[in-house]
Amino acid sequence: MSEESEDFVVASLVRRDWLVDGLLSPLVVPYVHHLRAQGYADNSVRAYLKAIAHFAYWGGVESFGLSDINETLINRFIHDHLPACDCPAPRPCHVINIRPALKYLVIVLRQQGYPCKVPPSSTPASRELTKFRQYLLEICGFAETTTVFYRLKHIGDFLEHQFGTGAVNIGRVTPSDIEGCVMDYAKRWRPASLGVIRASLKSYLKFRALQGNETRHLIAALPVLADWSRATLPKALNEIQLACF
């Protein structure tokens with residue numbers, strides 16, 4: 001995307017000053033770049049910029065810095081500030097846009113080298129995610145990127161569904177659980193996105209294998225995903241194929 005296109009989207013915001021003159025000013029360009037890389041169109045980019053502009057204004061009032069931003073602070077903004085928000089209008093307060101907008105903000109912050117410390121663990125599942133994150137960063141060699149973010153998110157959802165707030169016991173997970181997890185996403189996601197879910201589960205199961213769990217049967221249960229969007233019709237049928245009709 002060209003700088004001119006970025007300027008057009010940012011300049012169209014009523015609360016442009018909350019972004020370019022505020023807390024998040026160093027991140028506006030990389031944030032727009034990141035959204036574009038995810039395939040978002042102008043309207044969606046504009047909606048997400050409005051959301052983080054509101055967050056930036058609140059950040060100025062609360063006097064926190066970029067290195068203070070993390071999931072805990074974002075939850076405070078969503079759950080405590082938004083219901084009682086009295087920031088100058090117009091300011092977006094719809095969680096449907098604000099939550100994903102701030103999720104991407106954390107990704108971009110980490111990409112730009114800001115700590116965005118992970119909130120303290122409070123459940124067995126969250127402690128498990130902390131160990132899995134260390135595995136991704138220290139053993140697999142990932143940086144703090146979108147890949148790590150989504151793997152943690154997907155496995156967090158999986159662990160919450162399987163164990164709730166109880167102890168994480170991978171021995172209780174069955175091949176049907178693994179297959180059911182992927183198929184549940186298949187009802188809502190495209191094949192390319194399902195590949196990300198499958199990769200997240202496979203990565204986690206390999207991590208658990210290093211912890212001493214037997215996971216080969218669970219990895220084998222991961223469905224093979226067909227992506228028919230990449231399939232092409234043959235230019236012509238040969239004689240054997242024609243004989244089948």
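This is a predicted model: local features need pLDDT of at least 70, side-chain atom pairs count only at pLDDT 80 or more; totals for chains, interfaces and linings use all residues.
Colleague: Is Glu128 buried or exposed?

Modeller: Glu128 belongs to helix H7, which covers residues 124-139. A residue counts as buried when its relative accessible area is under 20%. The relative accessible area of Glu128 is 4%, so this residue is buried.

Colleague: Which residues is Glu128 in contact with, leaving aside its neighbours within four places in sequence?

Modeller: A contact here requires heavy atoms within 4.5 Å. With the neighbours within four places in sequence left aside, the contacts of Glu128 are Leu159, Val168, Tyr204, Phe207 and Arg208.

Colleague: What separates the C-alpha atoms of Gly156 and Leu129?

Modeller: Gly156 is placed in helix H8, residues 146-163, and is buried at a relative accessible area of 15%. Along the chain, Gly156 and Leu129 are 27 residues apart. The separation of their C-alpha atoms is 6.7 Å.

Colleague: How many aromatic pairs does a search of the whole structure find?

Modeller: Two rings pair if their centres lie within 6.5 Å. Applied to the whole structure, the search gives a total of 14.

Colleague: Are the rings of Tyr40 and Tyr48 stacked, edge-to-face or tilted?

Modeller: The ring centres of Tyr40 and Tyr48 are 5.3 Å apart. Planes under 30 degrees apart would be stacked and those over 60 edge-to-face. The planes of Tyr40 and Tyr48 stand at 50 degrees, so the pair is tilted.

Colleague: What is the arrangement of the rings of Phe55 and Phe77?

Modeller: The centres of these rings, those of Phe55 and Phe77, are 5.2 Å apart. Their planes meet at 90 degrees, so the arrangement is edge-to-face.

Colleague: Which helices hold Phe55 and Phe77?

Modeller: Phe55 is buried at 0% relative accessibility, and Phe77 is likewise buried, with a relative accessible area of 0%. The pair ties together parts 22 residues apart in sequence, because Phe55 lies in helix H4 (residues 42-62) and Phe77 in helix H5 (residues 71-81). The helices asked for are H4 and H5.

Colleague: Which residues do ring pairs link into a cluster with Phe55?

Modeller: Phe55 and Phe77 form an edge-to-face pair. Ring pairs link Phe55 into a cluster with Trp58, Phe64 and Phe77.

Colleague: How far does Lys103 lie from the ring centre of Tyr104?

Modeller: For a charge to sit over a ring, NZ of Lys must be within 6 Å of the ring centre. Lys103 lies over the face of Tyr104, and its distance from the ring centre is 4.5 Å.

Definitions and conventions:
Residues are numbered from 1 along each chain as its sequence is written. Side-chain values use heavy atoms; hydrogens and water are left out. Helices (H or I, at least four residues) and strands (E, at least two) are DSSP runs, numbered from the N terminus. Buried means under 20% relative accessible area, exposed over 50%, partly exposed in between (1.4 Å probe, protein chains only). Rings of Phe, Tyr and Trp (its six-membered ring) pair if their centres lie within 6.5 Å; planes under 30 degrees apart count as stacked, over 60 as edge-to-face and the rest as tilted. A charge sits over a ring if NZ of Lys or CZ of Arg is within 6 Å of the ring centre and within 35 degrees of the ring normal.
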